[in-house]
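Thanks for making the time this morning.

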2 protein chains.
Amino acid sequence: MQISSRFTIAVHVLVCIEVFKKDYKITSEFLSSSVNVNPVVIRKLIQQLKKAGLVCVVRGSGGADTAKPLDQITLLDVYNAVECVDSGELFHFHENPNLLCPVGKNIHAVLDERLEKIQKAMEDEMQSVTLLDLLNRMQGRLQPESGIRCNY
Amino acid sequence: MQISSRFTIAVHVLVCIEVFKKDYKITSEFLSSSVNVNPVVIRKLIQQLKKAGLVCVVRGSGGADTAKPLDQITLLDVYNAVECVDSGELFHFHENPNLLCPVGKNIHAVLDERLEKIQKAMEDEMQSVTLLDLLNRMQGRLQPESGIRCNY
DNA sequence: CGTTGTTGTAACCATGATTGATACATAACA
DNA sequence: TGTTATGTATCAATCATGGTTACAACAACG
């Protein structure tokens, strides 16, 4: 099991928007070329980001853009937006422990608190990374002399 | 996506072994009754725990037991033993970003370091929880007057 | 207007992971 | 040698994921 690639694709998309918005119209077609997936995948993804208030997109004319300052979008926001985990629970508890067994009866209570702490540690770390941070790192890797040019 | 229930089942099994080993023979049948799954699921799980050096189990005569002191078994050990994540990578990167696109070319490098840090935060938290800790919490919930009795 | 380009979304399929179940050979032990 | 339990192969059901086609809804523009 792994966290869905929707998450990394979403980050890719958001960074792409910021890098290219000045020079290109950001369509699902454009984004799909960079990510290398079907444009419909991008559209569905962008709908999720839109519902979460991270991007805005207009029908017909086309074009997506971020809906918030980049320093206010964290990896946790993206992660939650694309619903990588069912109902926010990272760990999947087996549903029917035998309640007649003292261990089966109490395992949930014994484990839950610990699992929540683990999940929180991960989410806290996610929250500490903003899209602005990622964009800055990306900009630092784009050759300045070549300009912001999309070679495809 | 959620982390496989194999993980919580494995923890359940290990705690069960420790609570009942004095009074019962720990067979896959016995464990499956507490967890409420097919005995084969338990056997396959125990094979994974065995490969990781966490339990020992004898064929024929039956009976599983832990192979290490409980304060030396952490949730991370169990997590790794049951192979909840493919090749140890929590995040699933989309495989084919367009290398002709400056963003597609660099997204991996920009994200990787951050994702590793997030995964590490989670694993560190897992490592801080030992089975001894969980067993103590469990013992505290078992009614002392009723003894260690399995009502099934 | 009507044409064009793009989004929004339904429908469908292929693939693989997960979980569950049956069956049986293998081994330990009395 | 009979009993009991493990080790493991095999199959089935269900579900998530990812990918594709198709098309209606909509905006902008000549």
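This is a predicted model: local features need pLDDT of at least 70, side-chain atom pairs count only at pLDDT 80 or more; totals for chains, interfaces and linings use all residues.

Let me start with the surface near DNA strand D, whose residues divide into eight nonpolar, eleven polar and six charged, where Ala, Val, Leu, Ile, Met, Phe, Trp, Tyr, Cys and Pro count as nonpolar, Asp, Glu, Lys and Arg as charged, and the others, Gly among them, as polar. Residues are numbered from 1 along each chain as its sequence is written, and chains are lettered from A and ligands numbered from 1 in the order in which they are written.

Around DNA strand D there are 25 residues, and the closest are A:N38, A:G60, A:S61, B:M1 and B:G62; a residue is near a strand if its C-beta atom, placed from the backbone, lies within 6 Å of it. Helix 1 and helix 3 of chain A, along with helix 2 (28–35) and helix 3 of chain B, each supply at least two residues of this surface, and helix 3 of chain B gives the most, with five residues. The helices are DSSP runs (H or I, at least four residues), numbered from the N terminus.

Turning to DNA strand C, A:T27, A:G60, A:G62, B:N38 and B:G60 come nearest of the 25 residues around it. On that surface, helix 3 of chain A gives the most, again with five residues, and the residues there divide into eight nonpolar, eleven polar and six charged.

Now to the protein chains themselves: 56 residues of chain A are in contact with 56 residues of chain B, contact being C-beta atoms, placed from the backbone, within 7 Å. The largest share of the side of chain A that touches chain B, 15 residues, comes from helix 5 of chain A, and the residues of that side divide into 34 nonpolar, 15 polar and seven charged.

How are the two copies related? Chain A can be laid on chain B with an RMSD of 0.0 Å by a turn of 180° and a shift of 0.0 Å along the axis, superposing by least squares on the C-alpha atoms of residues with pLDDT of at least 70 in both. The two copies are thus related as by a two-fold rotation axis. Of the residues of chain A, A:M122 comes closest to that axis, at 2.4 Å (C-alpha). Finally, 100% of the interface residues of chain A are also interface residues in chain B, so the copies meet through the same surface.

How values were computed
Two residues are in contact if their C-beta atoms, placed from the backbone, lie within 7 Å.
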